[in-house]
Amino acid sequence: MADCLFCRIVAGELPARKVYEDEEVLAFRDIQPVAPVHVLVVPKRHLDGLAAAGAEDAPLLGRLLDAARRVAEAEGLAEGYRVVVNQGRHGGQSVGHLHLHVLGGRAMQWPPG
Ligand code: 5GP
Ligand code: ZN
């Protein structure tokens, strides 16, 4: 999608600090980190969010989670980490391209706000 921020990052039209990439997935550092490690994992193909995924997207969703685990390992998050998907207005989603947040480097609070 031409006017999508993360599609533009995937296309190389906007810069990002990449930490992982494969054929279907890109991971890059969040521009406003809320933890010492804050990486976004996105599908290269545009999806508005988790709610826009269908059963046929299950392999891609699996690849996103697998990439999140790889990022956590590469970032040395042996003490643990959190993977978050914000969906829609009540979920706090602000960018309309599906993304997983990988947060680590400090203890997380529960419940989230
Ligand atoms: P959401 O609120 O949709 O779950 O998460 C969107 C995330 O994208 C936020 O954490 C925000 O800081 C991050 N973000 C917004 N614009 C940019 C950008 O241009 N580059 C990067 N790397 N992250 C961004
Ligand atoms: Zn997009």
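First, the conventions. Residues are numbered from 1 along each chain as written, chains are lettered from A and ligands numbered from 1 in written order, and side-chain values use heavy atoms, without hydrogens and water. Because the model is predicted, local features need pLDDT of at least 70 and side-chain atom pairs pLDDT 80 or more, while totals for chains, interfaces and linings use all residues.

Now the zinc ion, ligand 2. Its protein donors (N, O and S atoms within 2.8 Å of the metal, or 3.2 Å for Na, K and Ca; water is not among the atoms, so sites may look incomplete) are SG of C4, SG of C7, ND1 of H46 and ND1 of H97. They lie 2.1 to 2.3 Å from the ion. The angles among the 4 donor atoms run from 106 to 117 degrees, and the site is tetrahedral, which for four donors requires all angles between 85 and 135 degrees. Along the sequence, the spacing of the donor residues reads C-x2-C-x38-H-x50-H.

Next, ligand 1. Which residues contact its oxygen atoms? A side-chain N or O atom of D30 is 2.5 Å from one oxygen atom of ligand 1. For S94, a backbone N or O atom lies 2.6 Å from an oxygen atom of the ligand. H99 places a polar side-chain atom 2.9 Å from a ligand oxygen atom.

Terms used: Tetrahedral: all angles 85-135°; square planar, octahedral: opposite > 155°, others 65-115°. Polar contact = N/O pair within 3.5 Å; in protein donor to acceptor, adjacent residues only side chain to side chain.
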